[in-house]
Amino acid sequence: MIKIEGLYKEYGNKKVLSNLNLDVKSGEIQAVLGINGTGKSTLVNILAGLLNYQKGNIIIAEEKISVNKYKYKEKTGFLLENPIYVDSLSVVEYLKFVSTLYNLPILTAKNKIEELIEFFDLPKSNQKIRVYSKGMKKKVSLAATLLHNPKVLILDEPFANLDFIATQKLVKYFDNLAKNKCTLLIVSHQFDALSNVCNKFALLKNGKMEFNLNSEELSNLSKRYENSKDPVRTYLENQIL
Amino acid sequence: MLKYICIINLKSFVFLNFIAVAFIIFFMNIYKFEYFILIFILYQILFFRQYHYSIIDIRLLYITNADISKFLFANNLFIFLSFNFWFFVGKFVLFIFFGYCCFIEIINGILMFNSLLLGSIFIGNIISSSDIVTYKNIFVQYLLSILFFNLFLTFLFVFLKLIYLFNNLFFKLFIIFIEFTAIYLFNISTKKIKYFKYILDDKN
């Protein structure tokens, strides 16, 4: 469902992504980990078609993508690092607006909006989005991403600014989506939230893919740190550094 | 989509447009309507960078695969209607306070105002979706945009002045109709535009 082959991206003379390869199959949840400035958000922006890239191939939902290819976006939901919302609208107005952008039928949109408002515990009042907290704005942006029942989800830091309960609920929601054959690519540096839900863990370091392991392989490699409280986390920290 | 874009613009820009139009009315009252062009030259950035200043994050339109031609149309419609609304309010207020009203002068003023407004919207749309916005040097971008905008507007102004010499209302209305048609056809042609070129900003 998401296939990246030999992806190169440079900003001027600065290499940001170098020979990146990734293959995420239908129903899988792929985590892309890494510290700040390793090219995680650049990867998401390229997948969203917001940035050009120099070399490589990207296939999403069976479509080879580039900046002027757009059909795959009908089946894909994107959450960017800085959440998008229209702060002069209320939550319900904003979700209705996004549903019109996706050309959703009115009744389908209405039911989905009610479902997402209930799930994310969002306010139905007429208050503008601008008055809400960062966490609430993130939830609004997440709800908008899920509005059109995407088959592929590409999420940049979905747990940032969310409280513990919302994070746990979201993890379960992602798990259910994957069981229904949705493909998820989650870019984050919060390993704790991802550890229970992802099938594969890729580590980006200086724009290069350090490894891409499944949970079992990661546990095996972490055995040498079994004296530590959280061996996998310790292993990852050592790899990152 | 049209409904929500108009609501968002209405909530955010309607009073800014009021200030812009109030300045035009003020200018018009002191000088003659012929000097409208100076106001549009002053506000040109509103037209050729209108998507940069849009309250809607363009990335939202892009990642949702929204129909950008509808967005262009709604934005243009909003600018046109709000400028006209405040223009008529201003004229009405002047009439209440000063009472002086020369019908032919008002009609000429309205036609000149709308001709330059539609011309500004039209050239603004063309510049916003042209290759000019892909120049990495922001100075070159602005220089070319300003050059094209002012050149076009000056031609339009001279053309309108020549038409006004004939003093034929139907002919003036015909010119307005041509401008409307040009904008309408441009909005149809933008159906092929699925992305704004400037969004591919490799410098960030």
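Modeller: A residue is called buried if 20 or more other C-beta atoms lie within 10 Å of its own, and exposed if there are 12 or fewer. The model discussed here is predicted.

Colleague: Does E157(A) count as buried or exposed, and how many C-beta neighbours inside 10 Å does E157(A) have?

Modeller: E157(A) sits in the loop between β7 and α5 of chain A. The cut-off for burial is 20 or more other C-beta atoms. E157(A) therefore counts as buried, its number of C-beta neighbours inside 10 Å being 21.

Colleague: What is the phi of E157(A), which is not a glycine?

Modeller: Most residues other than glycine have a negative phi. E157(A) is not a glycine, and yet its phi is positive, at about 50°.

Colleague: Where is D121(A) found, and is D121(A) buried or exposed?

Modeller: D121(A) also has a positive phi, of about 60°, without being a glycine. Its place is the loop between α3 (106–120) and α4 (134–146) of chain A. With 11 other C-beta atoms within 10 Å, D121(A) is exposed.

Colleague: How many Å apart are the end C-alpha atoms of helix α5 (residues 164–179) of chain A?

Modeller: Helix α5 of chain A has 16 residues, and at 1.5 Å a residue it should span 22 Å.

Colleague: Within what arc do the buried residues of α5(A) fall, seen down its axis?

Modeller: The buried residues of this helix are L170(A), F174(A) and L177(A). An α-helix has 3.6 residues a turn, so residues three or four places apart point the same way. The buried residues of α5(A) line one face of the helix, because seen down the axis they fall within an arc of 60°.

Colleague: What is the radius of gyration of chain A?

Modeller: Chain A contains eight helices and 10 strands, and its C-alpha trace spans about 55 × 45 × 35 Å along the principal axes. For 241 residues, a compact globule would have a radius of gyration near 18 Å. The value for chain A agrees with this: 18 Å.

Colleague: How far apart do the C-alpha centres of domain 1 of chain A and domain 2 of chain A lie?

Modeller: The domain assignment divides chain A into domain 1 (2–75 + 150–240) and domain 2 (83–149). Seven residues from domain 1 of chain A and seven residues from domain 2 of chain A form the contact between them. On the side of domain 1 of chain A that touches domain 2 of chain A, the residues divide into five nonpolar, one polar and one charged. The separation of the two C-alpha centres is 25 Å.

Colleague: Which residues does I4(A) touch, not counting residues up to four places away in sequence?

Modeller: I4(A) belongs to strand β1 (residues 2–11) of chain A. With 23 other C-beta atoms within 10 Å, I4(A) is buried. Leaving out residues up to four places away in sequence, I4(A) touches L20(A), N21(A), L22(A), G56(A) and I58(A).

Colleague: What percentage of the 204 residues in chain B do buried residues make up?

Modeller: Chain B has eight helices and zero strands. Among its contacts between residues at least 6 apart in sequence, 84% join residues at least 24 apart. Of the 204 residues in chain B, the buried part is 31%.

Colleague: Is I132(B) buried or exposed?

Modeller: I132(B) lies in the loop between α6 (103–128) and α7 (138–166) of chain B. Not counting residues up to four places away in sequence, I132(B) touches I127(B), Q141(B), L144(B) and S145(B). Because 20 other C-beta atoms lie within 10 Å of its own, I132(B) is buried.

Notes. Residues are numbered from 1 along each chain as its sequence is written. Chains are lettered from A and ligands numbered from 1 in the order in which they are written. This is a predicted model: local features need pLDDT of at least 70, side-chain atom pairs count only at pLDDT 80 or more; totals for chains, interfaces and linings use all residues. Domain bounds come from an automatic or database domain assignment. Two residues are in contact if their C-beta atoms, placed from the backbone, lie within 7 Å. Ala, Val, Leu, Ile, Met, Phe, Trp, Tyr, Cys and Pro count as nonpolar, Asp, Glu, Lys and Arg as charged, and the others, Gly among them, as polar. Helices (H or I, at least four residues) and strands (E, at least two) are DSSP runs, numbered from the N terminus. The expected span of a helix is 1.5 Å times one less than its number of residues. The arc is that of the directions from the helix axis to the C-beta atoms. The radius of gyration is taken over C-alpha atoms; the globule rule is 2.2 Å times the number of residues to the power 0.38.
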